Amino acid sequence: MLFRLRDWPQRIAASLSMLIPGSCALCGEAGSDSLCAGCHAQFFSKRAHRCRQCASRLPTATADSAAVCGECLKNPPAFDATIVAADYAPPIDQLVLALKFGNRLALAPLFARMLHNTAMDAALPTRLTAVPLGSQRLAERGFNQALEIARPLSRALGVKLDAKLVSRLRDTRAQALLHPDERHRNVRRAFIVPDHAIDRVRGQHVGVIDDVITTGETLNEIAATLKRFGATRVTNFVFARTLQK
């Protein structure tokens, strides 16, 4: 049986997990799971009160799951909802960096599991896609961390993953290196729905997967692109949310 080349990172990680004793990704405690019960309870069990659109923390506790923050009321984003598993803050930020820059691909299923747990009560999209990397960055890194999270999340949610639903028209500068005022211009018209995918977007609720959301400019541009091509709803599934100042 022949395997696709892109499947080998997941297969290698799965094989290693059977050969090497497991340990908690945060504290290093030996165990059979990638996250120990103590770290799960400390960092993932308490649900923050968040804006339903951008997932930023709300200043006051509210039981209203439809609450929207002031910024989203003032400047409504193109996406309809954002689901996040944690804040991008120590020590969670080190997990994201380890996946993105340390080639710790075995962390992707953990991110997917945490997102799945958070999304259990949410309206599920009809198909999923991942934020695409530019060709240069993909060649440098060797993988797309958003797509690595998307694959196990798709299986967990039972929603089809369509990795070719959105394409980049051009490479963009890294958003994290730019001033907030430059980020919108950086991703403006950077994405498109290819001709072969238009029928798969029209009338659909699309879930877009990424590792971190900061200003939301990239996800907003993708959502605007999807809706321009006929998507009826866009929900972001993002592992970590940067704390707003």
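In the predicted model, the side chains of R50 and D87 meet in a salt bridge with an N to O distance of 2.9 Å. Because R50 lies in the loop between α2 (37-43) and α3 (70-74) whereas D87 belongs to strand β1, this pair ties together parts of the chain that are 37 residues apart in sequence. Both R50 and D87 are buried. The structure holds 9 salt bridges, and another of them joins D211 and K100 at 3.1 Å, N to O; this pair links distant parts of the chain, with D211 in strand β5 and K100 in helix α4, 111 residues apart. Both D211 and K100 are likewise buried.

A further salt bridge is formed between R151 and E148, whose closest N and O atoms are 3.1 Å apart. R151 and E148 are separated by about one helical turn, because they stand 3 residues apart in helix α7. R151 is buried at a relative accessible area of 14%, and E148 is buried at 7%. Salt bridges with shared partners also join R50, R57 and D87 into one network.

Among the nonpolar residues, the largest core comprises 37 members, of which L99, F111, I149, F237 and F239 touch the most others. Elements that give two or more residues to this core include α4 (92-102), α5 (108-118), α7 (145-157) and β6 (233-242). Beyond its neighbours within four places in sequence, F111 is in contact with L95, V96, L99, I149 and F239. A second, separate core of 29 residues includes C54, A55, L58 and A78.

A81, placed in strand β1, is buried, with a relative accessible area of 12%. The C-alpha atoms of A81 and C54 are 6.5 Å apart, although 27 residues separate A81 from C54 in sequence.

Note on methods
Residues are numbered from 1 along each chain as its sequence is written. This is a predicted model: local features need pLDDT of at least 70, side-chain atom pairs count only at pLDDT 80 or more; totals for chains, interfaces and linings use all residues. Side-chain values use heavy atoms; hydrogens and water are left out. A nonpolar core is a set of buried Ala, Val, Leu, Ile, Met, Phe, Trp, Tyr and Cys residues joined through side-chain atoms within 4.5 Å. Buried means under 20% relative accessible area, exposed over 50%, partly exposed in between (1.4 Å probe, protein chains only). Helices (H or I, at least four residues) and strands (E, at least two) are DSSP runs, numbered from the N terminus. Contact means heavy atoms within 4.5 Å. A salt bridge is a side-chain nitrogen of Lys or Arg within 4 Å of a carboxyl oxygen of Asp or Glu.
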